[in-house]
Every structure is written in C-alpha cells, then in structure tokens.
Amino acid sequence: MKKTYNRNVQISKGNFIAFEGIDGSGKSTQVQILTEKLKQEGIYCYTTMEPTDSPIGSLIHQIMTGRIKADNKVIAALFAADRLDHLLNDINGIVSKINDGITVISDRYYFSSYAYHSVDMPMDWVIKANEQSSVILKPTVNIFIDVNPDTAIERIAKNRFHQELFEKKSRLVKVREKYLEAFEKLKESERVIIVDGNKSKQEIADDIWDKIKPYLAD
Ligand code: ADP
Ligand code: TYD
C-alpha cells in the first residue's frame, strides 16, 4: 500500500519484523545482526522491543521483578495495553514509522503474549485481548528462534546476576510448547519462520537472512 504525500511522491510502507522465542533464545543478538545487515542493504530501520520503556512497560518491569504484585490476567492485559501504546503513541509509535516507509524490527510482539500467558490461562482469551493489535498491524514476518530450553537457561545463567520471574526452566519448556501451539492455531493468518537457535550466531543470522529475503521486496 502506498501513502501519498503530494501529487508526485508516494512512499511504500515499511516492513514489520517481529522476533520471538523463549528468554535466552538469542533474539536481541539476532535483532542487532539483522539491523546491521538491513542498513548495509540500504534499508532504513528502527529497532524496538516489548515490554517497552513507556509508563505501562515500566509497570510491567516492576511486576516482573516482584516489586509490585498483580494477578496473571492483569499482567496479560498490561502487556496488551503496552503493545497498543507501542503501536499508536504519538512520539515513536510503530504504525507511523511503518507508514513513513521505515522498516521496524521488534524484539517480541503479540506471539510472546500468546505463548507466555497461555501457560496460565486459555490461549483464546489472550488472542482476544490482543485483537486490536493484530487488526492494526500484523508482522510482515514473525521469526521464531527455536532453542532448547536447557541451552537458553545456560546462556541466561552465564550473563545475568539474578533470574527474573519468567526465567525458570520448567516455565520455558511450557512457553516453547505454547509458541508452537499458537503458530499451528494461527497458521492461516500469520507468516511464521522458524529457525534453529541451537546453531552459532552467524549460522542463525544466515538462516534468517535467507528466509526473510523474499518477503522484503517492495
Ligand atoms: P534473548 O534476547 O532472546 O534473551 P540474547 O540475544 O540476549 O537472547 O542472548 C542471550 C545470551 O546468549 C547472550 O549472552 C548472547 O551473547 C548469547 N547467545 C546468543 N545467541 C547465541 C548463540 N547462537 N550461541 C551461543 N550464545 C548465544
Ligand atoms: P526481558 O528480560 O525484557 O526480555 P528477554 O528475556 O526477551 O530478553 O523480559 C521480557 C519478559 O516478558 C520475557 O520473560 C517474556 C515476557 N513477556 C510476556 O510474558 N508477555 C509479553 O507479551 C511479552 C512481550 C513478554
């Protein structure tokens, strides 16, 4: 779709690439590598993440680190609200960037909610709670970095002083299963690319590039 600024100039919409995976799967590493690669290819991109650093995101961070207590349904609803703000806020909302032709790469989007929150509540409820986001903006492609939970835990333990609420192994095993369930459930409406996250950083980056290239064309 084209956005018309005046009679002569039309700007193509930017792509939206969402990275997904369990904690420690290597998302932020791959977001960084892909951002560099796209810049080398002359594609202007904006990198972002969820939860965001907005007031709603900061409330989420305080809940996740145990400083504030909240019911699981409230947490899931806050993530949905943070996501809508991430899309729509006036200062750096994703939607206006996409409309201006910028490619946006996000470390997590709504499949994170589908996977993490459906461990404790029905997935259909979580999908419904995020319906507005999915109507407003579906990713050009969702990239799932599929890593063995044992490997993910080892990586996290090596690099962090304390483990947050969500970073327990049994939970990550369940979250991974929920991701796969969500991809299967939404396979008709969502484009999902699964890459083997147990390989080296560069091998994964090469796999991602090979798989997303066809979708980045205008
Ligand atoms: P996430 O954003 O998914 O939590 P990170 O990208 O922060 O994951 O990676 C977690 C840790 O694992 C980091 O220290 C990173 O350097 C390391 N790491 C990432 N990808 C790989 C890989 N393919 N092989 C080995 N270590 C990795
Ligand atoms: P964070 O340490 O910021 O990111 P990561 O582990 O991806 O590097 O933690 C984000 C946590 O929030 C992670 O455990 C997944 C969880 N989460 C949800 O539970 N629901 C969501 O909708 C999102 C976006 C994240």
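Buried here means under 20% relative accessible area, exposed means over 50%, and partly exposed covers what lies in between, using a 1.4 Å probe and the protein chains only. The model is predicted: local features need pLDDT of at least 70, side-chain atom pairs count only at pLDDT 80 or more, and totals for chains, interfaces and linings use all residues. Residues are numbered from 1 along each chain as its sequence is written, chains are lettered from A and ligands numbered from 1 in the order in which they are written, and side-chain values use heavy atoms, with hydrogens and water left out.

**View 1. Welcome to K97, a lysine in helix 4.** K97 sits in helix 4, residues 94–99; helices (H or I, at least four residues) and strands (E, at least two) are DSSP runs, numbered from the N terminus. With a relative accessible area of 17%, K97 is buried. Setting aside residues up to four places away in sequence, K97 touches Y46, N92, I102 and V104, where contact means heavy atoms within 4.5 Å. For a sense of scale, L34 is 63 residues from K97 in sequence, and their C-alpha atoms are 18 Å apart in space.

**View 2. Here is ligand 1 with its shell of residues.** There are 14 residues around ligand 1, and K27, S28, T29, N159 and K199 come nearest; a residue is near a molecule or strand if one of its heavy atoms lies within 4 Å of it. By type, the shell around ligand 1 holds 2 nonpolar, 7 polar and 5 charged residues. In this grouping Ala, Val, Leu, Ile, Met, Phe, Trp, Tyr, Cys and Pro count as nonpolar, Asp, Glu, Lys and Arg as charged, and the others, Gly among them, as polar. Helix 1 (27–40), helix 8 (149–159) and helix 10 (201–216) each supply at least two residues of the shell around ligand 1, and helix 1 gives the most, with 3 residues.

**View 3. Now look at the polar contacts of ligand 1.** A polar contact is a pair of N or O atoms within 3.5 Å; within protein, one must be able to donate a hydrogen and the other to accept it, and residues adjacent in sequence count only if both atoms are side-chain atoms. An oxygen atom of ligand 1 lies 2.5 Å from an N or O atom in the side chain of T29. The backbone takes part too: a polar backbone atom of G24 is 3.0 Å from an oxygen atom of ligand 1, and one of K199 is 2.9 Å from a nitrogen atom of ligand 1. Taken alone, ligand 1 exposes 560 Å², and the protein buries 76% of that.

View 4. Of the 15 residues around ligand 2, D23, K27, R108, S113 and H117 come nearest. The shell around ligand 2 divides into 5 nonpolar, 3 polar and 7 charged residues. Helix 5 provides the largest share of this shell, 4 residues. The side chain of D23 has an N or O atom 2.7 Å from an oxygen atom of ligand 2, while for R83 the corresponding distance to an oxygen atom of ligand 2 is 2.9 Å.

**View 5. Finally, meet the aromatic pair Y110 and F111.** The structure holds 10 aromatic pairs. The ring centres of Y110 and F111 are 6.0 Å apart and the planes meet at 55°, so the pair is tilted. Rings of Phe, Tyr and Trp (its six-membered ring) pair if their centres lie within 6.5 Å; planes under 30 degrees apart count as stacked, over 60 as edge-to-face and the rest as tilted. Y110 is buried at 0% relative accessibility, and F111 is buried with a relative accessible area of 0%.

Methods:
Areas by Shrake-Rupley, 256 points an atom, 1.4 Å probe, with all protein chains shown as cover.
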